[in-house]
Amino acid sequence: MTVTAEASRAEVCVVACAEAWRGDGEILAAAMGTCSVLGARLARSTFEPGLLTTDGGALLTSEPIPLGAAGEPEGWLPFREHLWLVQNGRRHVMMGASQIDRYGNSNISAIGDWAQPKSQLLGMRGAPGNTICNPTSYWIPRQSPRVFVEQVDIVSGVGYDKRTWLGLNGSRFLDLRRVVTDLGVYDFRGPEHQMRLVSVHPGVTVEQAKEAAGFELALPEGGDVPETRQPTAEELRVIREVLDPRALRDKEVTA
């Protein structure tokens, strides 16, 4: 297969997700969503070989594997050991979010009033423990004001403005790293740890990113927002030929 220089929006998203794990070293990369799983495996395949990756279940794989494929196992990760990694900060998770606000509070539990929600979602799941115990990032395939909200209906994952709820011991490990969407990349280095626009993907404007948020986004100092970096030729080859030959990424991000 010949790799062309032009990357799809989905492939830019995969690389942006991979960058979330840059510098993590020997730590478990846990991902939820097609592009984020590909990102973790791409990072291990290229610039972060010390990462631990799984088959999506309880097996650690000896090398990054294609989506949906069985790989050569290098170890078994029972749930109790997985929880040990979470509690001891030895995992960097990239979660999804049905809602997220400017301070990084996320909701995967329900939409509407807690007592009588309009929609029941996943429930709290591991979001509270993830956000207060280990590095946490987010992958959101479709950014809109319905997802980037002024205030989440229910706090599943804890954001920076809720640290006082946790007390000193509970908040000292709160470490929200990145939010990657189909429009751009964000961090929480704005004023008082508010969400900041780090880059916009090729073909996306800053105004489009702002319009797809239900709150005011912080911008880098000076106001200039760079473009998200393009995949290298080698990264494109790994994505297209090794990790996702069926192009499942393009079903998650269609732009």
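A: Of the 255 residues of the protein chain, 50% count as buried. Buried here means a relative accessible area under 20%, exposed means over 50%, and partly exposed is in between, with a 1.4 Å probe and protein chains only. The model is a predicted one, in which local features need pLDDT of at least 70 and side-chain atom pairs count only at pLDDT 80 or more, while totals for chains, interfaces and linings use all residues. Residues are numbered from 1 along each chain as its sequence is written, and side-chain values use heavy atoms, with hydrogens and water left out.

The whole chain comes before the part. It has 8 helices and 12 strands; these are DSSP runs numbered from the N terminus, of at least four residues for helices (H or I) and at least two for strands (E). The protein chain is as compact as a globular protein of 255 residues, because its radius of gyration, 18 Å, is close to the 18 Å that the globule rule gives. That radius is taken over C-alpha atoms, and the rule is 2.2 Å times the number of residues to the power 0.38. Along the principal axes, the C-alpha atoms fill a box of roughly 50 × 45 × 35 Å.

The accessible surface of the protein chain is about 12200 Å², and carbon and sulfur atoms hold 50% of that. Such areas come from the Shrake-Rupley method with a 1.4 Å probe, and for residues only the protein chains shown count as cover. Among contacts between residues at least 6 apart in sequence, 67% join residues at least 24 apart. A contact means heavy atoms within 4.5 Å.

Now the buried positions. Ile 27 is in the loop between helix H1 (9-19) and strand S1 (28-31). Although it is in a loop, Ile 27 is buried, with a relative accessible area of 6%. Beyond its neighbours within four places in sequence, Ile 27 is in contact with Gly 50, Leu 51 and Leu 52, and also with Gly 89, Arg 90, Arg 91 and His 92. One of these, Gly 89, is 62 residues away along the chain, yet the two C-alpha atoms are separated by 8.8 Å.

Leu 60 lies in strand S2 (residues 59-61) and is buried, with a relative accessible area of 13%. Pro 73 is 13 residues from Leu 60 in sequence, and their C-alpha atoms are 5.7 Å apart in space.

Leaving out residues up to four places away, it touches Arg 196 and Ala 218.

The cysteines come next. The whole structure has 0 disulfides, a disulfide being a pair of cysteine sulfur atoms within 2.5 Å. For Cys 13, the nearest cysteine sulfur is that of Cys 35, at 5.6 Å. Cys 13 is buried, at 0% relative accessibility, whereas Cys 133 is partly exposed, at 22%.

Arg 125, in the loop between strand S8 (117-120) and H4, counts as exposed at 65% relative accessibility. Its phi is near 50°, a positive value in a residue other than glycine. Ala 247 also has a positive phi without being a glycine, of about 55°. It lies in the loop between helix H7 (233-243) and helix H8 (249-252), and is partly exposed, with a relative accessible area of 24%.
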